[in-house]
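Please read the points below alongside the model.

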Amino acid sequence: MSAQLRRKLVVVGIGGASCSGKTLLAKHIRNVLPQGATIIHQDDFCPDKVPYSSRYPDLQDWDDPETCIQWPEFRSTLQEIRHTGNLPKHASHDHLNKQVKVQVAKGVYDKWRRSFETLAEDQAQQGIELVWFLVDGFVLYYDKIFLRVPYQVLKSRREERQVYVLQPGGVWVDPPEYFDKIVWPGYLKAHNELFQDVEKGPLKGAWGDKLVLLTPEEGEAGMTNAFDKACEAIIDGYRKGAGSFIS
């Protein structure tokens, strides 16, 4: 029967600042999808050579939205996924980074696992096989789920983490004051067009219809709430027409 099903691709973007919890949320969502999902980490598309900050010439700037990602390669990968439903040859280093573990309450987890199973069964009865991709990144610019976390929480998490594994090999360790000099200004610059005030203000204009804005609190309760709302938004979005058939 599966050979007769038409494949339908659903791409879910999960954005937010560095250390906002977007990768962890993506992994929790992947775990409740009966078909599984492929996660694309935008960090895997960081450039090999990173320019230095114009304001702080002794610091490399990993967060300026214009240069922090190899945009042609990233866009090409997404285009290939949309055309074929398959991930092009791609190496990820996410598993080498520090893996934060914040669980989702079991009752909420089980509720959405059943909901996605029901969705998959309903679609299969209509001759459709769902193919899921989750894209997590700190500079995503299309319809998505967006995690907004306060400045002080982001700073604390980033300074606790500090070490990042680089795609070409080696590691990056944040120099002193890197969050305030580079990371936070880059986040503000990248998202100024979305919000009237990036840290606390409402979304601008049409972005209110394009983004599902989540403001999770700390710990399991915060992650559970974000997970609950994200899953609801994903299924609601699909019911309203999200997704495209793979030719």
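1. The face of α4 turned away from its buried side carries two exposed residues, Gln152 and Glu160. Exposed stands for over 50% relative accessible area and buried for under 20%, with partly exposed in between (1.4 Å probe, protein chains only). Helices (H or I, at least four residues) and strands (E, at least two) are DSSP runs, numbered from the N terminus.

2. This is a predicted model, in which local features need pLDDT of at least 70 and side-chain atom pairs count only at pLDDT 80 or more, while totals for chains, interfaces and linings use all residues. Residues are numbered from 1 along each chain as its sequence is written, and side-chain values use heavy atoms, with hydrogens and water left out.

3. The buried residues of α4 are Leu154, Lys155 and Arg158. Seen down the axis of α4, these residues fall within an arc of 100°, so they line one face of the helix; the arc is that of the directions from the helix axis to the C-beta atoms. Their cover includes β5, β6 (171–173) and α5 (178–191), where contact means heavy atoms within 4.5 Å. Gln162 follows α4 and has a positive phi, near 65°.

4. pLDDT, the predictor's confidence in each residue from 0 to 100, averages 91 over the protein, and 97% of the residues score at least 70. Confidence is highest in helix α3 (residues 106–125), at 97, and lowest in β5, at a mean of 74. Where pLDDT is low, the predicted coordinates should not be read in detail.

5. The largest pocket has a volume of about 1,200 Å³. On a 1 Å grid over the protein atoms alone, a pocket is an open set of points with protein on both sides within 12 Å along at least five of seven lines, and a cavity is a set where a 1.4 Å probe fits but cannot get out; lining residues have an atom within 4 Å of a point. Grid points are joined across faces, edges and corners, and a volume is the space filled by probe spheres set on the points.

6. By class the lining has 17 nonpolar, 15 polar and 16 charged residues. Ala, Val, Leu, Ile, Met, Phe, Trp, Tyr, Cys and Pro count as nonpolar, Asp, Glu, Lys and Arg as charged, and the others, Gly among them, as polar.

7. A search of the whole structure finds one cavity of 30 Å³ or more. About 70 Å³ of space lies in the largest cavity, and its lining divides into six nonpolar residues, three polar and one charged. Among the lining residues are Asp63, Phe138 and His191.

8. Most residues other than glycine have a negative phi. Cys19, in the loop between β1 (6–16) and α1, has a positive phi near 70° and is buried, at a relative accessible area of 13%. Glu177, in the loop between β6 and α5, has a positive phi of about 65° but is exposed, at 53%.
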